[in-house]
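Hello,

Here is the structure I promised to pass on.

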Amino acid sequence: MSTLRNKVQLIGHVGQEPTITNLHNGKKVVRLSIATNEHYKDSKGEKQTDTNWHSLVAWGKTADIIEKYVTKGKEIAIEGKLTSRSYEDKDGVKRYVTEVVVSEILLLGNAE
């Protein structure tokens, strides 16, 4: 169970084209977001959909795969870990970010 301490698995659709950044040290980072949908029936028995958005970041070979094959609307499955960080924006306001660092990706459906 020690490998389950910080593990995230998500299946969803890519919300926008991935953003690729080539860093000065030669490394590449890709940022993207995916939407996951949960379906349920409300108290009146009507079908409802709850959509959640997840921020993803990928490095190295995983970033290369995303750059080459992943586009807006594509259904993907990812595995990774949650990370949190903070930064100050241009106005000096402290912002907090939680994102999934992707370690594995599986390409599922076609772009819609």
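Which residue forms a salt bridge with Lys28 at 3.1 Å between the closest N and O atoms? It is Asp64, where a salt bridge means a side-chain nitrogen of Lys or Arg within 4 Å of a carboxyl oxygen of Asp or Glu. Lys28 sits in strand β3 and Asp64 in helix α1, 36 residues apart.

Before going on, a word on the source: this is a predicted model, with local features needing pLDDT of at least 70 and side-chain atom pairs counting only at pLDDT 80 or more, while totals for chains, interfaces and linings use all residues. Residues are numbered from 1 along each chain as its sequence is written, and side-chain values use heavy atoms, leaving out hydrogens and water.

Lys28 is buried at 17% relative accessibility, whereas Asp64 (35%) and Glu67 (38%) are partly exposed; buried means under 20% relative accessible area, exposed over 50%, and partly exposed in between, with a 1.4 Å probe and protein chains only.

Another salt bridge joins Arg85 and Glu99, with the closest N and O atoms 3.0 Å apart. This pair connects strand β5 to strand β6. The count comes to six salt bridges.

Best wishes

Definitions and conventions: Helix = DSSP H or I, 4+ residues; strand = E, 2+ residues; numbered from the N terminus.
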